[in-house]
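Open your viewer and get ready to select a few residues. We will go from one stop to the next, and at each one you can check what is there.

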Amino acid sequence: MSTKFLVACGVGFVSSLFIGYCIYFDRKRRSDPDYKKKVRARRRAAERRSETVINLRDPKAREEFLASEKMMANQKLMEGNIEEAIGHLINLVQFSSNPSATLLSLQQVLPPPIFNLLLHTLKTLQQSADPANAAKGEATDVD
């Protein structure tokens, strides 16, 4: 027997073991009595999420959205989860009717390191959204 043949047999054997393992655990998962309940719950949750699209042209809906983003950002900051708080603050700035006024108010409220991180993240998002201006911004930053 050649080495290639033995390697091929070994690979085939290991592959068949892996496929058998997958089939066994898939059957075990599907035979769980709560499986159908979990699937239905996930589908209902996904439907609810898709139904909660916010119409930002409606002033009342926009204000509710901005208030919820501000509340979530404050909650995440209190928990110490700065990255998630920055994400909510970015939503707050981007969807507000006057982003510059929102940034000024956040500058007064937020600690300087967090505000600088917010500005840096906003700048990065703006550059990734507009690659032509990103190249110009990089050229002017070098000077």
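A word on naming before we start: helices (H or I, at least four residues) and strands (E, at least two) are DSSP runs, numbered from the N terminus. This is a predicted model, in which local features need pLDDT of at least 70 and side-chain atom pairs count only at pLDDT 80 or more, while totals for chains, interfaces and linings use all residues. Residues are numbered from 1 along each chain as its sequence is written, and side-chain values use heavy atoms, with hydrogens and water left out.

**Stop one: H88**

Select H88, which you will find in helix α4. Is H88 buried or exposed? With a relative accessibility of 17%, H88 counts as buried (buried means under 20% relative accessible area, exposed over 50%, partly exposed in between, with a 1.4 Å probe and protein chains only). Now show E69: its side chain makes a polar contact with the side chain of H88 at 2.8 Å. Such a contact is a pair of N or O atoms within 3.5 Å; within protein, one must be able to donate a hydrogen and the other to accept it, and residues adjacent in sequence count only if both atoms are side-chain atoms. Setting aside neighbours within four places in sequence, H88 is in contact (heavy atoms within 4.5 Å) with E69, M72, A73 and K76.

**Stop two: the core**

Next, select I86, L89, L106, L110 and L118, the residues with the most contacts inside the largest nonpolar core, which has 14 residues. A nonpolar core is a set of buried Ala, Val, Leu, Ile, Met, Phe, Trp, Tyr and Cys residues joined through side-chain atoms within 4.5 Å. Helix α4 gives the most to this core, with 5 residues. Centre on L118: leaving out residues up to four places away in sequence, L118 touches I86, L89, I90, L103, L106 and L110.

**Stop three: the rings**

Rings of Phe, Tyr and Trp (its six-membered ring) pair if their centres lie within 6.5 Å; planes under 30 degrees apart count as stacked, over 60 as edge-to-face and the rest as tilted. The count by this rule is 3 aromatic pairs. Select Y21 and F25: their ring centres are 4.8 Å apart and their planes at 65°, so this pair is edge-to-face. Y21 and F25 sit 4 residues apart in helix α1 (residues 3–30), separated by about one helical turn.
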